[in-house]
Amino acid sequence: MAAIDDLKHLLAQDVRQLSAMADLLRDEKELLSTSDIKQLQALTDEKNAQLEQIRERAKLKIHALVAMGFRPESGNPSRFIAAAGLTELHQLWRQADQALTQCQQLNQNNGRVMAHMQKRLARLSDIVRGASSRQKLYGAGGQHTAVSSSTILASA
């Protein structure tokens, strides 16, 4: 069936591209530690281009699945493929899903690093501007909170 072959081809492309994306995300983590803005921008442009290709392929995969009899409202495509007894296709689907999960985790880690760097930069900017005259403590949620006269440190 042509739709099955198309889906296999699309999934194989996903696995290769998601592996390359994971490499880019690892490179991004390294660049974040060096704060090389030019290289980070070039890497971000590459990531965006790859993400666009992955999104376009996702649309093509849905079309191929529908041609095979899958109905999007029926649930998870992985179950549909497994129920159809398409072992090789199911293995490719799982590989692509695992690669996507890995990329999501790497991206979340890099996002946390960036958020930490932004907070640090904001605090440094406050110090330079002289706006950091108020003491700060950690609040219940682990976030910095400014100490004010309304902050209760203890009660009797």
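Trainee: Why is Asp14 called buried?

Mentor: Asp14 has a relative accessible area of 2%. Buried means under 20%, exposed over 50% and partly exposed in between, with a 1.4 Å probe and protein chains only. Asp14 is at 2%, so it counts as buried. Bear in mind that this is a predicted model, where local features need pLDDT of at least 70, side-chain atom pairs count only at pLDDT 80 or more, and totals for chains, interfaces and linings use all residues. Residues are numbered from 1 along each chain as its sequence is written, and side-chain values use heavy atoms, leaving out hydrogens and water.

Trainee: Where is Asp14 found, and what makes its link to Arg57 a polar contact?

Mentor: Asp14 is in helix H1. Its side chain comes to 2.6 Å from the side chain of Arg57. A polar contact is a pair of N or O atoms within 3.5 Å; within protein, one must be able to donate a hydrogen and the other to accept it, and residues adjacent in sequence count only if both atoms are side-chain atoms. The Asp14–Arg57 pair, at 2.6 Å, is counted as one.

Trainee: Let's go to helices. How many helices and strands does the chain have, and what makes a run count as one or the other?

Mentor: There are 4 helices and 2 strands, in the order α-α-α-α-β-β along the sequence. Of the 156 residues in the protein chain, 25% count as buried.

Trainee: Why are H1 and H2 called roughly antiparallel?

Mentor: H1 (residues 2–34) and H2 (residues 37–67) pack at about 160°, with axes 9 Å apart. The axes are lines fitted to C-alpha atoms, for helices over the stretch in contact, and angles run from 0 to 180 degrees between N-to-C directions. Angles under 35 degrees count as roughly parallel, over 145 as roughly antiparallel, 65 to 115 as roughly perpendicular, and the rest as oblique. So H1 and H2 land in the roughly antiparallel class. Their crossing is left-handed, meaning that the near helix is turned anticlockwise from the far one by less than a right angle (clockwise would be right-handed).

Trainee: Which residue classes make up the contact of H1 with H2?

Mentor: It has 19 nonpolar, 6 polar and 7 charged residues. Ala, Val, Leu, Ile, Met, Phe, Trp, Tyr, Cys and Pro count as nonpolar, Asp, Glu, Lys and Arg as charged, and the others, Gly among them, as polar.

Trainee: And what makes H1 and H4 roughly parallel?

Mentor: Their axes come within 9 Å and cross at roughly 20°, so H1 and H4 are roughly parallel. H1 passes H4 in a left-handed crossing, and their contact has 21 nonpolar, 4 polar and 6 charged residues.

Trainee: Why does Gln102 count as partly exposed?

Mentor: Gln102, in H4 (residues 87–129), has 34% relative accessibility, so it counts as partly exposed. Its C-alpha is 7.2 Å from that of Ala22, 80 residues away in sequence. The buried residues of H4 include Trp93, Cys103 and Asp126.

Trainee: What makes Ser35 partly exposed?

Mentor: Its relative accessible area is 43%, hence partly exposed. Ser35 is in the loop between H1 and H2, and its phi is positive, near 60°. The C-alpha atoms of Ser35 and Met117 are separated by 9.7 Å.
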